[in-house]
Structure formats: structure tokens, C-alpha cells
Amino acid sequence: MSTQSTVARRTEFSPERMAKFHEYAEEYPNKRSALMMVLRLAEEEFGSITDEAMEIVAGLCNVAVSHVQGMVTFYTHFKRPFHGKHRFMVCATLMCALENNTDAALDQIKAKLGIKPGQRTHDGLFSCEKVECLADCDQPPVVQCDNEHFCSMKGAVLDQYLDKLLKEEGKSAAEYAAKAPVAMDTRVPTLPAHYNFQGGTEKGARHFDDKDPYFKAGEGDLHTQVPGPLATPLTVPVADGVNGKGTVSNGRSGHDSAGGAFNGNGANGKNGAKHV
Amino acid sequence: MSDASKPNPAGSGDVPPVKKADESAAQKAAGAPQPAPVSAPAVPAAPAEPKPKVPFSPVLLKHIHEPGSHTLAHYAARGGYETARSHVGVTPPGDLIKLVDDSGLRGRGGAGFPTGKKWSFLAKGTGKPIYLAINGDESEPGTFKDRYLLEKDPHQLVEGAILTCYAIGSKHAFIYLRGEFILGFQRLHAAVEEAKAKGYVGKKIFGTGSRGDASPEVDLTITVVRGAGAYICGEETGMLSSIEGGRGYPKIKPPFPAVSGLFGCPTIVNNVETISAVTHIVKHGVAWHKQWGTEKSPGFKIFCLSGAVRKPGVYEVPLGITMREMIDTYGGGMKDGRKLKAVIPGGLSAPVLTAEMVDKATLDYESLASLGSMLGSGGITVLDEQVDMISTIYNTMRFYHHESCGQCTPCREGTGWLEKVSHRFHHNQGHQGDIELLGDIAKNMRGRTICVLADAAAMPMQGFLQHFRKDFEAKVKETAFVEKQRTYRDEITPTAKTITATGAGPSALDVGSNGSKG
Ligand SMILES: Cc1cc2nc3c(=O)[nH]c(=O)nc-3n(C[C@H](O)[C@H](O)[C@H](O)COP(=O)(O)O)c2cc1C
Ligand code: SF4
């Protein structure tokens, strides 16, 4: 999502949406309070709330980009670039989960698209996630996709809907069975959008200093290296790392009461012996 | 689309509930009040109603099955906006507040606070604008009543908003809908636009100021805001934060919103159903509203029935009917003849009721409170004997952990730990102390946070621990058994763990405790 394009970034919505924005700006007591609705405009305009969209919204509503980013990461319903084009949201709260309705819907989605909750198809067309109560608890399972709301969405109805979408996209279930899906990386983008910003517009140019960890002086005016996605997931088992290091650094082979809790391995000399 | 996929969703046609209400009245009269006298001493708040039973037919949901019920044409044809027209600019606002106060209407959003009283707490003479914020977030699991009011009868809500704003002297109402209500948002937005075109919303509504009856000018803006999937935005101050364009962080109370709410101005927050009911109360009067319900919970309310019943759906009934009547008569009894195990009576936050308690419960605020639970938002979920209580509580705790906004440590960490420990039970890893641990965490979460989400998470946990402790204990026994098997297996094939235990035992640790052994 954080592409290193040098194409001038857009700084406004399309004229119709700008008109809509001005309507909101009049109706709401201040521009900041229109944020929820303006973010919806951004979602429509860009298909999802991209870095660029956040930048524009921040400019329009007179708030910092970080504030917009805070909003977007707080509210789970906003569509983000890591979601698929068709975003399946399956209710997993108690009323739907009773009698395995949620699982039934998820299994069907897995069978046709090869994706589990938290995953996206390799081509980014479909994604699937579990969400909390969608407020139609009498007809489980409840599923939302593409701004549509479905009740009792399992069995033939769901299959038909999936087939319809597959046909629309010219794809087949076989393709998704063959190609592995990717995990949706739901982390905040590593860089706010304006680090790649061309600058020069009235609100574009921002000043960075060398202390900024992302800014490398000498890499051109406002061009920075965008760290690629992390190779390892964030959930590295922590205990192991602590264990090994702790033993080594204080030079003991494990008879250390302070580190007692972690010393299971060190004490038997497995780790410690190597270093002492 | 969603219309098509929801064939006749609510089982509450106009005719059947009336018939059923009569039936139950007949049953009562025929000498059926067996549970009531038994529970009367233990439940002082719910005396057998002295009032004669008045037949009831749905009020708020009356028209939801009629095609086009969401349009102005349909609403106008049934006398829509006449109430607002006859009161706005004519009746003194104070009289309207008094009327709603006298009617005994209580908030339908969860807390059940008397609406008229809330309105009268509004800070006066501050010179600041007054706001009305209508809560259509409806994210309490098990509740789906506002959805019908928004999708099928939005004009009823708009008229209620007009009357309420006039009564409290507000010129700007916000209606906050959850982001998932896509159809509801479209319809409500369209309804506001229609009302605007007719001059019911906007400047000088209903021609006030130029009608020749010396009425003062009344202006009103109605803004529909769409949320984006956060349960916490149902909490009133969380919702206000969201309308202000921030994360949905609740704010500490006091000051209550009636004193300092939206943009620091006095604000009244009410649920969609409450405001919709205002329309009818103003139209028909106090006596009409009080003919139903109990002394302390007058009127009618929409209940949302889900779970293992034959006919789940929304049912509008007078308050004070028995829980049994709701499940057996309206809900058509248990699905596939299963046995009832428990009922969650007021949305997921309400502590669970056991089958015996269900027999005693009546659907009013006091009865459920006396049973240690609450009426809440009216979402009744029926659990049958096949339901595993441990997975139920795990699912519930996952919900609260996901939805905690993270401002307060007891809530952020507490919900997380409740989830983790119940996850342990769910996966057969719960040990003896864990039951106490759950109780302890829950106890320490209550009353220590900014908003009551922490309590809302702790209450169901405490309810389950109190009433279904056996299920937890059974799980602990099962775990102990499984682990015994595992230990046995480990003894046959010694692992690193067993070597550790013999090689560097506790004595070795003691010797090195001061670090003298470098
Ligand atoms: C965590 C939490 C979630 C809530 N969710 C809702 C909700 O979805 N809808 C609602 O109307 N009230 C909700 N409430 C209750 C509101 O805070 C508030 O009491 C209510 O909207 C007031 O309206 P009323 O007086 O008409 O009931 C929630 C409260 C809490 C603590
Ligand atoms: S109690 Fe929980 S949800 Fe409420 S403000 Fe505190 S952290 Fe947020």
C-alpha cells in the first residue's frame, strides 16, 4: 500500500465528492466533527481508505494525519487497502455462533475461495473476516459483503452468491483452491502517506528532521526508504528469546534466582553450556 | 437486496400478537397465575398487577410489514406529522417534558432511565446550543429492534426527534447509526430529506413564525451520522466522541451529557426506540401509555427474541408479561422440543437466568433486577440444553475484549484476561484456581472504569460463574483427567523437562540464589 510512486499525489476528492464535503462542512458545527462522514467519502472515492485518502481527509477536516490514522484503525468497518475487493464479514458473536452457523458460513467461503478469516485471496479480490454482532440475531448467520447485508446466509443461498461473485470476476473456485491465500496484514502502514509526498502545495510540504527514524538525509528532498513488510510475523514467541539471552548476559549457567521463571532450559545446560 | 433476503423477518404480524395477548389474558383470568404468588414475597418489586389487562396491539412496529412503510406518503396517509404540526410552536415545551415525565417512559437503550427526568436535568440558561443525540448504534449482541424502526418506519423517528427537540429547545439533532446499517442509513437519510422538502425539518418548521398564531420561529437541523463498527460508540459519551470526529472514547461522568455533552454543550442522549415512542405518547397521552405495563415500568417495549425458539424475531409487547409467555407464546416454544437451559434476558451484558429463574421472571425492569439481571436493551437469547456454557462464555468474553476501547486498565486488561482464561477452559486447560481467578478479575473490573463496559463484561461472567459453576468444575475435572494421561505418557518417554527436574532441582537453585556461584 505504501508505494514509492513519484506521481503527484492527489490532494482533493472528485468535484462531486468535494461538493458533498462542503455540504457536510456546513451542516456540522466544525469540520473535525464531519470526519466520520468524510472518511466514508474517501472510502467511496478510493475504494478503500488509502494513505493518500487519509492525507486528503486530514487536510479537509483540519486535523493531523495521525488523528485520521487513529480513527481509521479504531473503527473496524472502514475498508482498508489490505481488505479484498469483495470483503466478507461474517458475524461470529454468540447468537450467530450458536448451532455452528458461523462456522458453516466460513466453511462454505473457504470451500469456494480458499480463504479463512483473516486471509485474502492471492489476487486481492476476496477477503474474509470474523466480525462482532451485526444486529440481525434472529436469522443467523449474518454476513455482509460489498455494502450488502444478508441474513440466514448459508447453504444454497451463500453458494449462489459466491458463484455470482466468482462469475462477475471471471474466476473459479479451482483457481483459489490451487493458489495459496495471503494473510491480511492489518498493521498500521509503516509510514504515513506524506513521507512520500511531493510537496509544493499549500498543505503538502512538511518538514522533517534527521531524528526521524524514517527519514534518511541525502536520499533526495522528500524521498524516503519505505521499509518493506516484515518477513516474520509480529508474534514471535518471546519467551524463547528472553530465555537464551538472559542466561548469557549475566554469565551464569542458569542458577539465577531472578531469572528463575525462564530458566527451565538454561538450567540443564542446554543453552548455557555453549557460552560459558 | 436485504429486503429480498429477509422474507417476512419478524414473526409479529399485526393480528397474531393481539390474539395471543387475549389468549394469555384469558389464561391468567382462568386461574393460571401460579408463579406470581409464589414469587411475590421474594420479589417485592413485581406484585401481581392489579390493573385489568388491556388488549395490546403493536404500536411502533404496527406498519413494518406494509410495503413502502418507510416513505413519507405512507406515513402521511396514517396521520404522520400531524402530532408534530399541532404541538410545535403551540404547546409550551415544558408541558411536553411534563407529559413525557408523567407517562413514565423509560429509556429503551439499556439503562432504563426515566426519559422525562433526563430531559428535565438539562442545564438551562448556559447560552450554549442544546443538542439531541439519538443513539441508533444498536451493537448490544442479541438486539435488533432499532434496525426495524430505522429501515421500516424512519419517519416515526423523525417526528419523535422533532417533538423532542422542540420540547428540550434544541435546534440540532444528530442521529448516530452504526456503520453496518446500510439500508437503515439510506432510508433514514431519505426520510430526513423528504421531511426537509415538506418543511418539517429546516428553517421555520411547520410554518412557525408566519402562521399568524404568534408562534415563535422554530428551526431544526437533523444530521444522520454513520458510525463504523465500534460497540463502544453505543455508550452515550463514546457516541458523542465519535460524532465530534474522534475515536469513540467514552468520557468520565459527571459531567453528564445533559450538562456538558456534544461540543461541551448540554446534550440529551436517547435511544431510537425511546424517541419513536415519544411520538405516540405525545399523540395519545399519558393515560393511554399507562394502561399497559406495570406500576414502575409502564408502556410497551420491543423485545428481540433469538436462539433456540421456533419463531425468533421482534415482538412488541406490554411490559410486565412473563418471560414464559414471551418464549412459549410469542416465540412458539423451544425449537425441536429441546429443553431450555438458560436465557440471556437483556442483551449479552445481562447476567444469565437459569431455567428456574425464567419461570419467575416477568419482562419489566424491576423483576429482572430483582433476579440479579437486567432488562437492558430487550434482546432475549434462549439457550437450550445442547449449548456448551463454556464456549458461550468464551465467545462472550472475546466480544468484550475486542470491543473494549482500551482507555482504562481494568477494562482493557480485565477483558483480555477474562478472554484468555475462558479460552483456557474452552480448550481443556482450565485448572482449579482458574474459576476463582475469573471471579476475582470480574470483581475487580466493576466500578473502576470510565464507562460501564467493564461492568457489562464482568456481569455476564459473574452470572455464569454463579449459576453454571458446575460446568466450569466439570471442565476442570476433565482437564485434570486429560493431563494425568499426558503425564503418564511423558514418564514413558522422558523429555528435557523431566531431566531438568532431577538434574537441577530446587536445592541447586537455592545455593545459587545470591549469585555467588558465578
Ligand atoms: C457499552 C455500552 C454500550 C451501549 N450500547 C448502546 C446501544 O447500542 N444503543 C443504545 O441505544 N444504547 C446503548 N447504551 C446505552 C447508552 O449509554 C445510553 O444509556 C442510552 O442510549 C440512553 O438512551 P435511553 O435513555 O433512551 O435508553 C450502551 C451503554 C454501554 C455502557
Ligand atoms: S471501561 Fe473499557 S470501554 Fe469504557 S472507557 Fe474504559 S476502557 Fe473504554
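Figure 1. Of the 276 residues of chain A, 46% count as buried, where buried means under 20% relative accessible area, exposed over 50% and partly exposed in between (1.4 Å probe, protein chains only). The secondary structure of chain A amounts to 11 helices and six strands; helices (H or I, at least four residues) and strands (E, at least two) are DSSP runs, numbered from the N terminus. Among contacts (heavy atoms within 4.5 Å) in chain A between residues at least 6 apart in sequence, 62% join residues at least 24 apart. Accessible areas come from the Shrake-Rupley method with a 1.4 Å probe, and for residues only the protein chains shown count as cover. Residues are numbered from 1 along each chain as its sequence is written, while chains are lettered from A and ligands numbered from 1 in the order in which they are written. This is a predicted model in which local features need pLDDT of at least 70, side-chain atom pairs count only at pLDDT 80 or more, and totals for chains, interfaces and linings use all residues; side-chain values use heavy atoms, with hydrogens and water left out.

**Figure 2. Burial, contacts and surface of chain B.** Chain B has 518 residues, of which 57% are buried. Its secondary structure consists of 22 helices and nine strands. For contacts in chain B between residues at least 6 apart in sequence, 72% link residues at least 24 apart. The accessible surface of chain B is about 20,500 Å², with 58% belonging to carbon and sulfur atoms.

Figure 3. Helix α3 (residues 51-61) of chain A is largely enclosed by the rest of the structure, because 10 of its 11 residues are buried. Among these buried residues are Asp51(A), Glu52(A), Met54(A), Ile56(A), Leu60(A) and Cys61(A). Their cover includes α1 (15-27), α2 (35-46) and α4 (65-74) of chain A. Just after α3(A) comes Asn62(A), located in the loop between α3 and α4 of chain A. Asn62(A) is not a glycine, yet has a positive phi of about 65°. With a relative accessibility of 64%, Asn62(A) counts as exposed.

**Figure 4. Leu166(A) in helix α7 of chain A.** Leu166(A) belongs to helix α7 (residues 155-169) of chain A and is buried, at 4% relative accessible area. Apart from neighbours within four places in sequence, Leu166(A) contacts Lys112(A), Leu113(A), Phe126(A), Lys171(A), Ser172(A), Ala173(A) and Tyr176(A). Asn147(A) is 19 residues away from Leu166(A) along the chain, and the two C-alpha atoms are separated by 17 Å.

**Figure 5. Backbone details in loops of chains A and B.** A cis peptide bond runs from Pro140(A) to Pro141(A), with omega near -10°. Pro141(A) sits in the loop between β3 (126-131) and β4 (143-145) of chain A. In chain B, the peptide bond joining Lys253(B) and Pro254(B) is cis, with omega about -10°. Pro254(B) occupies the loop between α10 (236-243) and β4 (267-271) of chain B. Asn100(A), a residue other than glycine, has a positive phi near 60° and lies in the loop between α5 (94-97) and α6 (101-113) of chain A.

Figure 6. Arg398(B) is part of helix α16 (residues 389-403) of chain B. The relative accessible area of Arg398(B) is 17%, so this residue is buried. Neighbours within four places in sequence aside, Arg398(B) is in contact with Ala92(A), Thr93(A), Glu132(A) and Glu419(B). Gln432(B) lies in helix α18 (residues 432-445) of chain B and counts as partly exposed, at 47% relative accessibility. Gln432(B) and Glu473(B) are 41 residues apart in sequence, with a C-alpha to C-alpha separation of 7.8 Å in space.

**Figure 7. The surroundings of ligand 2.** Ligand 2 is surrounded by 13 residues, the closest being Cys405(B), Gln407(B), Cys408(B), Cys411(B) and Cys451(B); a residue is near a molecule if one of its heavy atoms lies within 4 Å of it. The shell around ligand 2 comprises nine nonpolar, four polar and no charged residues. In this classification, Ala, Val, Leu, Ile, Met, Phe, Trp, Tyr, Cys and Pro count as nonpolar, Asp, Glu, Lys and Arg as charged, and the others, Gly among them, as polar.
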